[in-house]
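The following account leads the reader through a structure, from overall architecture to individual residues. The sequence and the coordinates should be kept in view throughout.

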Amino acid sequence: MRPEHWLFTVPLRVRSLFRRAQADQALDDELRDHLELAAAEYVAKGITQAEAHRRARIDLDGIEQTKEECRDARRVNWIRDFVQDLHFGLRTLRKSPGFAVVVVVTLALGIGANTAIFSLINALRMRALPVQKPDELVLISPANDRNGSLGFSYPLYEAIRDENRTLAGVFVRAGGAMNVSVNGQAELAPNGGEYVSGSYFSALGIEAVAGRTFTVADDTVPGQNPVAVISYDYWKRRFALSPSAVGEKIYLNGYPFAVIGVTPPRFFGIEVGHSADITVPMTMYPQLNPGSTELSNPGSWWLAAMARLRPGVSAEQATADLSAIFEHYVEARGLPTGLRTEGLRIKLEPGAWGLSPRSKAARFAILLMTLVGLVLLIACTNVANLLLARGAARQKEIAVRLSIGAGRSRLIRQLITESLLLALLGGAAGFLLASWGTQGLLKLVPEEVSLDLSPDARVFVFAAGISFLAGVLFGLTPAFRATRISLVQGLQGGVRQGQTQSSPNRLRNGLVVSQVMLSMVLLFMAGLFTHSLQELLGVDLGFRPEHVLVLSVDPTLIGYEGSRLVSLYKDLLQHARAVPGVMAASLSRNGLVTRGVWYNSVSVPGYVPGPGEVMGSTFNPVGASFFQTAGIPILLGRDFSEQDNETVPKVAIVNATFAHHFFGEQNGVQKALGQTIGLGVDQNLGQFQIVGVVRDSKQRRLDEPPVRVVYFPFLQSELPPSLIGHMTLEVRTASEPAAMTNAIRLELLAVEKNLPIYGVKTLTQQVAESLTGERMFAWLASIFGLLALLLASVGLYGVIAYSTVRRTAEIGVRMALGAHRRDVMAMVLREALRLTAIGVVIGLALAPAVGRAVSSMLYGVNSTDPLTILVASLLMFVPAALAGFLPARRASKVDPMVALRYE
Amino acid sequence: MSKPSDLVQGTLDMLLLKILALEPMNGFAVSQRLKQVSGDVLQVSDGSFYPSLHKLEQEGWITAEWKTSEYGRRAKYYSLTRLGRRNLGKEADKWGRLSSAISRVIKLKEA
């Protein structure tokens, strides 16, 4: 239509829409008039009134249809029809509430699960940081292929800050533990503290809700700006939202600070899942971490850097600009130490989502989404089956409606509207279910992670979207099927008993088989991950975790340093050992199976490094009798003792991998003993003689490959507080370690009453916690697998029950001819098992492919793990047997006379 | 009842427009006039041109208003719009071309 034509007709159509009642009335009048006039004509020709009216009516050829076509001509029908369909749909559903409830519950489970997982993914990866215009933010990191992304050194940041021409704001950030003292009450900030540049808040566009945030002016001279900004959550928890918090004087790590502002409630910083309590300027770092030289150390690349691009500047332009500065800087100040640095260049990544969470979590999330999508598919199949059955039951109604002139497409539209209505109800219920479910999910997540899983617009749209899709998916086929009937058959009372309409049967059976297959796949995956978890739990740790309590202490937060720090540690150990019930106590810098380890370089006499090889090892300063406490077997030589202090020559103990690597595969352990190695090429900690070789033990994760470790007494190296400021005490107890917690704590506090103690748990607990992600995933996969099993069983039951009812006549005949009840039961059960078996076989055929797809996330489990296959198959047959058993029993109780008469 | 085929539908529209071009009238009168003029050759059932009338009204080629007829009752009178008049001209031309083309083919002499 040409444009001006449009302009003319649109108002007409809109008017038709709004004045339809009026238009309908007008149409009635018009046609009635026509009838009167036509009748009058006939009368004029000499025909009787009654006959005249009849003829006029016939001439008009079906008034209702005419009216309908006129209305069609107005072409705004579909809205009116839709509303009509909705009304009708609601009425129909109200008449069969049981059916509606079953469908809505099934859909709610499927849609709810999907929405819950989507909320998780939304919070982790899709939701942008709650800052201004997050799309303009970029993450800046020096990167190369070998190491991935590194951090910034502070001098590098200063260079970029001062010389860039393409950035509207740039900042660096680091986290750290902080001891907070308010009104004399000291505690360790539970969510930690943050050090940020002065431009942090302005670059992110964050305004304080109380007081003010700090600016570049607060970050100029080191040590001159003791100001702090607290998070909204901390303000609520510690200060009860009191306005007097702003301006309050608090002590951070013993140093006086003033609280100058509070950040908005939804703001959490730039690291998803982490929300620091206290933020201070980066230039105050040395005050809070006495003895640290990080700010001026060009070799320490420890900071995360982000920036906002200037308007109109592209990422490429900024990269070029920053790369030039970077090269200049490197020439002047040098590269990070101890790392491979070839090909190091500036890389810019989108910063809208903050510091990216680990990719492993992302892979798990995608897999979860797939699992949960399959569950929804099974749920939809169930509903489709139910709708097919219902369609068959409604055939009389449909036949009547078709015969009085309803168009087939109109009916289909109406049935689909009913399906959409069900889907909408199911979606709403599912959305609610998901809101509760995500609360439960949060409980599975470790404590330090704080995620905002509250539903937002995106989640809502997602839920609405999949509800709609589901509705169309399960509604389409039954709608088409239901209206494709022969009128005569339909009017005679629906499909008669005993008549096998093979195609709907095949369709329903096919749907059930696909359900079984999908359940098999889900159960298989759940089994794989559960088995993998079992394997991880059974891994040889290399130490004995039973009966050990671990506690982390951080005396630097209250001002300890240098020799005072070292003596404090000695005292703490002495007191801990004196507690009755304690068998041994020691301490270490790297905890057992924790995330933070210290890696540095070594020099080994007589060892020639291969091309491009880095002579490095994990370093762990420990206390006396560490190996005895941790339960790590000594292969050769001895443990550290009290005598290994600063007055005697330096000694070290290495693990088996270290020995084998540097001293040969054959007899590496024997050869290592007695050798002298140099530790810490940069810090030059000195020459240490190896006095013992111990077994390998897990350092960071349970699924890591063996790594080289060198242990040395913390007393024998003048290590700065940044390296030994934070140590973990291990205490082996005779009885249950949890029971001794208080006794040991009190003893430690007796040495120093303000000692920050945290992370108190048994070693067994700590090991278990390192598997939180895997455990959570195995849990969820199992839940979804069982859910799928439940849904498939219900579907199977429905199909078997339905087909059995329709075969009532046949059963009657069989029994009349002499079949026993047993035979009838066997017949029904065979049907159930046949369908299940087909599904299981197809599922098993897919299993290897599925296993291969996830094999990278499994540990110690074959992708075609036979045990899992066996268990999954068996699990699948159990509900099949049940699903078949109940209808079978009912069928066998049929009285042949009744069955034969019930046609 | 069968729907008018596409060809007839298109032509029907044109006929209706033409009749209304002569003078505005109500639906019944249009159907009577059509029967009369075509000498009962064009058998258009009454029931099929009301939808056409409404469609034409929707397209904006005719407009309707309620008037009191000569019988003293209210009736809906249709009349042609300027748009409709223009379209009528075009449709008439098209029809002329089509019919002469068909005539030419039919008049082909057998060899």
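Helices (H or I, at least four residues) and strands (E, at least two) are here DSSP runs, numbered from the N terminus. Under this convention, A:D33 belongs to helix α2 of chain A, residues 20–44. The model is a predicted one, in which local features need pLDDT of at least 70 and side-chain atom pairs count only at pLDDT 80 or more, while totals for chains, interfaces and linings use all residues. Residues are numbered from 1 along each chain as its sequence is written, and chains are lettered from A and ligands numbered from 1 in the order in which they are written.

Two residues are in contact if their C-beta atoms, placed from the backbone, lie within 7 Å. Leaving aside neighbours within four places in sequence, A:D33 touches B:F28 and B:A75. A residue is classed as buried if 20 or more other C-beta atoms lie within 10 Å of its own, as exposed if 12 or fewer do, and as partly exposed in between, with C-beta atoms placed from the backbone. A:D33 counts as partly exposed because it has 19 C-beta neighbours inside 10 Å.

Chain A as a whole contains 29 helices and 24 strands. Its radius of gyration, taken over C-alpha atoms, is 38 Å, whereas a compact globule of 903 residues would have one near 29 Å; the globule rule is 2.2 Å times the number of residues to the power 0.38. Along the principal axes, the C-alpha trace of chain A spans about 135 × 80 × 55 Å. Of the 903 residues in chain A, 41% are buried. Among the contacts of chain A with a separation of 6 or more, 83% are accounted for by residues 24 or more positions apart.

An automatic or database domain assignment supplies the domain bounds. It divides chain A into domain 1 (3–75), domain 2 (134–350), domain 3 (360–537 + 772–901) and domain 4 (555–755). Between the C-alpha centres of domain 2 and domain 4 of chain A the distance is 32 Å. To their contact, domain 2 of chain A contributes 13 residues and domain 4 of chain A contributes 14 residues. The side of domain 2 of chain A that touches domain 4 of chain A comprises four nonpolar, eight polar and one charged residues. In this classification Ala, Val, Leu, Ile, Met, Phe, Trp, Tyr, Cys and Pro count as nonpolar, Asp, Glu, Lys and Arg as charged, and the others, Gly among them, as polar.

Helix α18 of chain A, residues 562–578, shows how one element is packed. Its 17 residues reach 25 Å from the first C-alpha to the last, close to the 24 Å expected at 1.5 Å a residue; the expected span is 1.5 Å times one less than the number of residues. The buried residues of α18(A) are A:L565, A:Y569, A:L572, A:L573 and A:A576. Viewed down the axis of α18(A), these buried residues fall within an arc of 95°, and therefore line one face of the helix. The arc is that of the directions from the helix axis to the C-beta atoms. On the other side of α18(A), A:S563, A:R564, A:S567 and A:A578 are exposed. The cover over the buried residues of α18(A) includes β15 (582–588), α22 (721–724), β23 (727–733) and α23 (741–751) of chain A.

Another helix of chain A, α17 (residues 502–537), holds A:V513. A:V513 is buried because it has 24 C-beta neighbours inside 10 Å. Apart from neighbours within four places in sequence, A:V513 is in contact with A:L835, A:I838 and A:G839.

Two loop residues of chain A deserve attention for their backbone. Most residues other than glycine have a negative phi. A:K133, in the loop between α6 (97–126) and β1 (137–144) of chain A, has a positive phi near 40°. A:L241, in the loop between α9 (232–239) and β9 (249–252) of chain A, has a positive phi near 60°. A:K133 counts as exposed with 12 C-beta neighbours inside 10 Å, and A:L241 is exposed with 11 other C-beta atoms within 10 Å.

Chain B has four helices and three strands, which run α-β-α-α-β-β-α from the N terminus on. Of its 111 residues, 30% count as buried.
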